[in-house]
Amino acid sequence: MTRRWAFALAALVLASLPLWLANSYYVNIASQILIWAMLALSVNVLAGYAGLVSLGHAGLFGVACYAVALSAAAGMGHLAAAFVALAAILAATALFALLSLRASGISFLMITLALGQILWGIAYRWISLTQGDNGINLAARPAPFGISLESPPAFYLATLAVFCLVVAALEVFTASPFGASLAGTRDQPQRMTALGYHVWLIRFLAFLFSGLIAGVAGLFFVYYDKFVSPHALSLATSAEALLMVISGGTGTLIGPIAGAALVVIMKYVASAYIERWNLVLGAIFVAIVLFMPEGLVPGTLRLWRAVRGARVGGADLGPAGRGAP
Amino acid sequence: MTLWLLLAINSVTLGGLLFLLSAGFSLIFGLMRIPNLTHGSFFMLGAYLGVSFLRAGLGFWAAALASAAAMARIGGVIERLLLRRLAGKALAQVLVTLGLSFMIADICLMIWTGDPVQLESPPGLRGTVPIASVMFPAYRLAISLIAVAIAAALWLLLERTRLGAMIRAGVDDAPMARVVGIRVGRLFSLVFCLGAALAGFGGVMGAPILSVYPGLDADMLPLALIVVILGGTGSLLGAFVGSFIVGFLYNFGQALFPELAYVILFLPMLAVLVVRPQGLFGRQA
């Protein structure tokens, strides 16, 4: 129950952000964090709960980006374009899953990487369809219920609303019997099989769920930039999303969000002050592995409890405590 | 006819360079189970170091060897300080090796700036060699020959020496190798240094052809991954055959179907994964 109240409070604080962030530049940063957090959460469904580390999510993300931009360019309305994009990403995810779920562990990572690179190659080279490096422009952001999303606060609030839906869906998902069986396929696939669970099907459905979230992130990515280029599908994007998850805390709900905040803030805010922000970001990742191997959020919780001494019992970690494989 | 021949030569050259890169990657993965995502960065850093050694007045081959030695040291430090603590933790290894590749890319940008550097081929190999009335570029031929020589040397090392037998034992069954008294940890360091050195050497060798530029690391790493998946992890023969397959696919794909070159590059890998997940020459895990 306290967990639910904490989420409601956090959502309220986040919703009030445009009031006390006077500069719309920072409101835009906050929107970016939410969009990337959705992508990181999508990676986390597989990496955290299913134990399947994907380095190809940028490809799926990009399918949604290109699908919405192309169908809007073809004259479709925003709602229809969004549905086309989600259908496209589900189809692409199903194909990804069919091919990559033949393996697990590092082989799964390599297959997803390769599939992601294929999609990147298509976006980059199939110029007659995707206009290659020049990318595709989106004429305007959608205006749901007649509300324009062109101003930074309006766009931020719309993103936040969808983000809260995604978080709520994930919360329901992890608490559900299906979420528990997915964690079972991560920890003990053979015993799950012996118990009569269809391990492959469970992983397949989890993959589709993950793809759907990546698609939502892709939609908002295109709405934000009103532009998509092959860079959205690059290995760098996949790697960043995965790094957000691992650095924040794999298998937790808050971890990937914290990781997304860390990376986006380093990218857009710290880069104004530190020229070598990539170096600093890399160093932070290495430091996290050395000092907080379970990720920032579980690591900080652990330190906090160590500081508070023996009063351990009551703290509700949620999935955080069980998460790290 | 000449076009096909030229494409074939370029393919063999790229295959040779890819072998230098992926032999180490494959051995590191096979022996230590570490997906070393820094390997592309080793290639790039080695190339940049070679550029600096050349500018400091060393000859081309001396610079390539010096760069290989430097990369062996750097690889050794990374293995000792970071990767050794992370044995068996695949996620942590992914995070650390990716983090390191970010850092190396940024350090290279800082030291050598963003301008691409095109090295000259070593003197004596700048011309062409006539073979059966066709003029072959001498340097590209030399690369292929060196790659084959290194492959043969590695094969002898692995198959004909006591050290090689210990490495093979470690690849097959590390805990059992420990039981019979092989210091697998020492082998890990050695193989990691060797892999880094080969990547660095390959970087310098490739510099006159590929040139050296920011992003070379991200261009090479996926190619090394494909080679290793195609050939099978931990298999030298697999890395060798896979390198040349990828070299041919890359060059012919670029020339024949420029819009779908990347798809062509990855499709055979997918086919191998679906039909034979352990790779062409890999053993069942």
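Which residues does A114(A) touch, not counting residues up to four places away in sequence? I looked this up and found L225(B), I226(B), I229(B), F266(B), M269(B) and L270(B). Contact here means that two C-beta atoms, placed from the backbone, lie within 7 Å.

**Entry 1. Ground rules**

I am working from a predicted model, in which local features need pLDDT of at least 70 and side-chain atom pairs count only at pLDDT 80 or more, while totals for chains, interfaces and linings use all residues. Residues are numbered from 1 along each chain as its sequence is written, and chains are lettered from A and ligands numbered from 1 in the order in which they are written.

**Entry 2. Confidence**

I noted an ipTM of 0.75 and a pTM of 0.84 for the model. The pLDDT is the predictor's confidence in each residue, from 0 to 100. Chain A has a mean pLDDT of 84, with 95% of its residues at 70 or more. For chain B the mean is 87, and 98% of the residues reach 70 or more.

I then checked where chain A does worst and best. Its lowest confidence is in helix α16 (residues 320-323), with a mean of 42, and its highest is in helix α11 (residues 199-225), at 92. Helices (H or I, at least four residues) and strands (E, at least two) are DSSP runs numbered from the N terminus. Over residues 312-325 of chain A the pLDDT stays under 50, and the model has 28 contacts beyond four places in sequence for that stretch. Where pLDDT is low, the predicted coordinates should not be read in detail.

**Entry 3. The contact between the chains**

I counted 36 residues from chain A and 36 residues from chain B in the contact. On the side of chain A that touches chain B, α6 (105-125), α12 (235-248) and α14 (277-291) each supply at least two residues. The largest share of that side, 13 residues, comes from α6(A). By class, this side of chain A has 25 nonpolar, eight polar and three charged residues. The classes are nonpolar for Ala, Val, Leu, Ile, Met, Phe, Trp, Tyr, Cys and Pro, charged for Asp, Glu, Lys and Arg, and polar for the others, Gly among them.

**Entry 4. Helix α6 of chain A**

I compared the length of α6(A) with expectation: its 21 residues reach 30 Å from first C-alpha to last, close to the 30 Å expected at 1.5 Å a residue. The expected span is 1.5 Å times one less than the number of residues. Of the 21 residues, 18 are buried, so α6(A) is largely enclosed by the rest of the structure. A residue is buried if 20 or more other C-beta atoms, placed from the backbone, lie within 10 Å of its own, exposed if 12 or fewer, and partly exposed in between.

W120(A) lies in this helix and is buried, with 24 other C-beta atoms within 10 Å. Beyond four places in sequence, W120(A) is in contact with G59(A), P230(A), L233(A) and S234(A).

**Entry 5. The largest nonpolar core**

A nonpolar core is a set of buried Ala, Val, Leu, Ile, Met, Phe, Trp, Tyr and Cys residues joined through C-beta atoms within 7 Å. The largest one has 205 residues, and A64(A), V68(A), A114(A) and I226(B) touch the most other members. Helix α3 (residues 24-50) of chain A gives the largest share of this core, 17 residues.

**Entry 6. Chain B**

I found 11 helices and two strands in chain B. The radius of gyration of chain B is 19 Å, close to the 19 Å from the globule rule for 285 residues, so chain B is as compact as a globular protein of that length. The radius is taken over C-alpha atoms, and the rule is 2.2 Å times the number of residues to the power 0.38. Of the 285 residues, 52% count as buried.

Helix α9 (residues 216-231) of chain B has 16 residues that should span 22 Å at 1.5 Å a residue, and its end C-alpha atoms are 23 Å apart, which agrees. In α9(B), 14 of the 16 residues are buried.

**Entry 7. Positive phi**

Most residues other than glycine have a negative phi. I listed K226(A), not a glycine, with phi near 55°; K226(A) is in the loop between α11 and β2 (227-228) of chain A. S211(B), also not a glycine, has a phi of about 60° and sits in the loop between α8 (184-210) and α9 of chain B. Just after α9(B), G232(B) takes a positive phi of about 105°.
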